[in-house]
Amino acid sequence: MTGEQVYVAHAPGDLELVQDLFSTVKNFPFGVHIALEEADADRSRDLLKGRIDDSDLLVAVLTDDAADDQWVNQEIGYAVAKDVPVLPLYDHEQLRGGYVTAVDGIEIDRENLTATIFALLGRLRDELTPLGGLAVPNWFVRFPCTLSGCGHRVTLEIDDEQTKLWKRHKHGQRLETTCDVCGTTYYFDPATIGFVRREDGRAPPGR
């Protein structure tokens with residue numbers, strides 16, 4: 001699963017919330033385009049239509065601020081017109097109006113963003129599955145080893161179904177992967193795939 005594109009429509013006042021929700025999502029091998037990270041001001045946001053055209057999914061973050069935001073409403077309408085699926089993330093049911101009234105979305109739990117991120121990742125696994133792909137696509141996160149003198153590419157493969165990932169989270173069981181060169185081990189939260197800690201290996205010889 002690589003190369004897919006996700007566009008996130010949101011109100012200006014929700015940028016921090018959106019960044020919290022997508023901080024680990026952006027580590028996966030697909031593009032995540034957050035509207036106000038790519039537009040300097042609302043007046044230039046209309047230039048992002050091309051991002052929506054190229055997207056496989058539009059995530060609409062629906063809050064009280066977003067309800068009256070012209071850009072969020074326009075971007076949802078534009079996505080629908082271009083046959084781009086829309087996934088609503090909403091603070092409460094009353095915000096699911098218009099084009100997303102009947103769309104199955106995700107309710108934001110501001111007291112437990114971990115659960116919200118977990119639900120978001122689950123939906124993305126479903127929505128971005130290529131046609132003919134496995135029921136549980138193999139996801140991965142790839143990053144350079146951060147041990148001084150190494151820098152080798154490390155891959156965390158995520159094969160577990162979402163239900164198993166949540167059970168591991170509840171039991172404090174981390175996902176882990178090890179650098180093939182220096183032996184440094186990295187641990188991640190199974191619910192959010194957020195980095196937790198590392199155990200240093202040995203620096204590669206000759207580095």
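Is Asp104 buried or exposed? In this predicted model, Asp104 has a relative accessibility of 54% and therefore counts as exposed, since that value lies over 50%.

The salt bridge between Arg123 and Asp104 has its closest N and O atoms 3.7 Å apart. Through salt bridges that share partners, Asp104, Arg123 and Glu127 are joined into one network.

In total, ten salt bridges are counted in the model. One of these salt bridges is formed by Lys26 and Glu37, whose closest N and O atoms are 2.9 Å apart. Because Lys26 lies in the loop between α1 (15–22) and β2 (31–34), while Glu37 belongs to helix α2 (residues 35–38), this pair ties together parts of the chain that are eleven residues apart in sequence. Both partners are partly exposed, Lys26 with a relative accessible area of 37% and Glu37 with a relative accessible area of 38%.

Helix α2 also contains Glu38, which forms a salt bridge with Arg51, the closest N and O atoms of that pair being 2.8 Å apart. Since Glu38 lies in helix α2 and Arg51 in helix α3 (residues 49–53), the pair ties together parts that are 13 residues apart in sequence. Glu38, at 31% relative accessibility, counts as partly exposed, and Arg51, with a relative accessible area of 36%, is likewise partly exposed.

Attention then turns to a residue in a later part of the chain. Pro190 is found in the loop that runs between β9 (185–188) and β10 (195–199), and at 1% relative accessibility this proline counts as buried. When neighbours within four places in sequence are left aside, the residues in contact with Pro190 are Leu165, Arg168, His169, Gln173, Arg174 and Leu175. The C-alpha atom of Pro190 is separated by 8.6 Å from that of Lys167, although the two residues are 23 residues apart along the chain.

How values were computed. Residues numbered from 1 in each chain as written. Predicted model: local features only at pLDDT ≥ 70, side-chain atom pairs only at ≥ 80, totals over all residues. Heavy atoms only, no water. Helix = DSSP H or I, 4+ residues; strand = E, 2+ residues; numbered from the N terminus. Buried < 20%, exposed > 50% of the residue type's maximum accessible area, 1.4 Å probe, protein only. Contact = heavy atoms within 4.5 Å. Salt bridge = Lys/Arg side-chain N within 4 Å of Asp/Glu carboxyl O.
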